[in-house]
Amino acid sequence: MAVTVKTFANASEAAGALSSDRSARYLGGGTLVMRALNEGDVSISTIVRASDQALSRIDASGPRVTLGAGVTFARVLAERDLAFLHAPARSIGGPAVRNMGTIGGNLFAPSPYGDFTVALLALDATIAVAGGFGTRDIPIEEFLQARDRQAGTLVLSVSCTRPASTEAFRYRKIARIKPKGGSVITLAAHLPISGGRIAGARIALGSMAPTQIRARAAERALEGRSLDAATIATAASAASEGTSPSDNALGSAWYRREIVGVHLRRLLSGQE
């Protein structure tokens, strides 16, 4: 089947093309869409592209960081002001994938991929999207819950608040093959501290459900407490609550449930 490629000068035109054609897919870095085409996905008949420079813009000068959906992981790693995102960016594939893969595309990467999105979920990111409805901002958790129904929308950018300190944000990816393997489990934690106690804890997990999810029971165990050994142990014991991992070649659902608490404890304790 022939595939039509349409290139537009701005993102709004590209979004319009996506919303008017259910068989259209947006091509950013191509690490997801081209793989689907090469594997014979006949549901895609139109490829939409945009040359809008706003999609590759980075604004990291203030407390609120905004990344265009077309920003690659290699560019994130090249930005000194984005040091807090270097660990998740570095965990994505090898150099070739990081040079092509984009922030926007990672939001749609299925388990056991989508590791950068785990970090964004922990950071309570906001997703700017465009479609037949115009443009709007969506909390990342809401976006992920409706991800399979996002056909026809174009992600424009992702924004989040910069962590107050290096200790406030932590990230870890557990993989069989390092650094480019699929995730057994991915964890990220944002732990703002106020008056020596955690205020606004967010723990995000990858490969523990069909999409990235928050570990709400672990968050409740941390909230309002100091980050000591007893608090960490309580949070770790609650890490698997509410998860629904699946079996795949990298690990079984049982295995993931068994080890997620171990790795959360190590993440919160600062252990390698």
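Gly68 counts as buried in this predicted model, because its relative accessibility is 2%, and buried means under 20%. The residue belongs to strand 5, which covers residues 64-68. Ile103, for instance, is 35 residues away from Gly68 in sequence, yet the two C-alpha atoms are 7.6 Å apart in space. Ile103 is also one of the residues in contact with Gly68 when neighbours within four places in sequence are left aside.

The aromatic rings come next. Searching the whole structure gives two aromatic pairs. One of them joins Phe73 and Phe116, with 5.3 Å from centre to centre and 55° between the planes, a tilted arrangement. Phe73 is part of helix 3 (residues 73-78) and Phe116 is part of helix 7 (residues 115-122), so this pair ties together parts that lie 43 residues apart in sequence. Both partners are shielded from the surface: Phe73 is buried at a relative accessible area of 2%, and Phe116 is buried at 0%.

The other pair is made by Phe108 and Phe143. Their ring centres are 5.5 Å apart and their planes meet at 75°, so the pair is edge-to-face; the cut-off for that class is over 60 degrees. Phe108 sits in the loop between helix 6 (103-106) and helix 7, while Phe143 sits in helix 8 (residues 140-145), so parts 35 residues apart in sequence are tied together here. Phe143, with a relative accessible area of 0%, is buried.

Strand 9 gives the most, with six residues. Sorted by class, the lining of the second largest pocket is made up of seven charged, six nonpolar and three polar residues.

How values were computed:
Residues are numbered from 1 along each chain as its sequence is written. This is a predicted model: local features need pLDDT of at least 70, side-chain atom pairs count only at pLDDT 80 or more; totals for chains, interfaces and linings use all residues. Side-chain values use heavy atoms; hydrogens and water are left out. Helices (H or I, at least four residues) and strands (E, at least two) are DSSP runs, numbered from the N terminus. Buried means under 20% relative accessible area, exposed over 50%, partly exposed in between (1.4 Å probe, protein chains only). Contact means heavy atoms within 4.5 Å. Ala, Val, Leu, Ile, Met, Phe, Trp, Tyr, Cys and Pro count as nonpolar, Asp, Glu, Lys and Arg as charged, and the others, Gly among them, as polar. Rings of Phe, Tyr and Trp (its six-membered ring) pair if their centres lie within 6.5 Å; planes under 30 degrees apart count as stacked, over 60 as edge-to-face and the rest as tilted.
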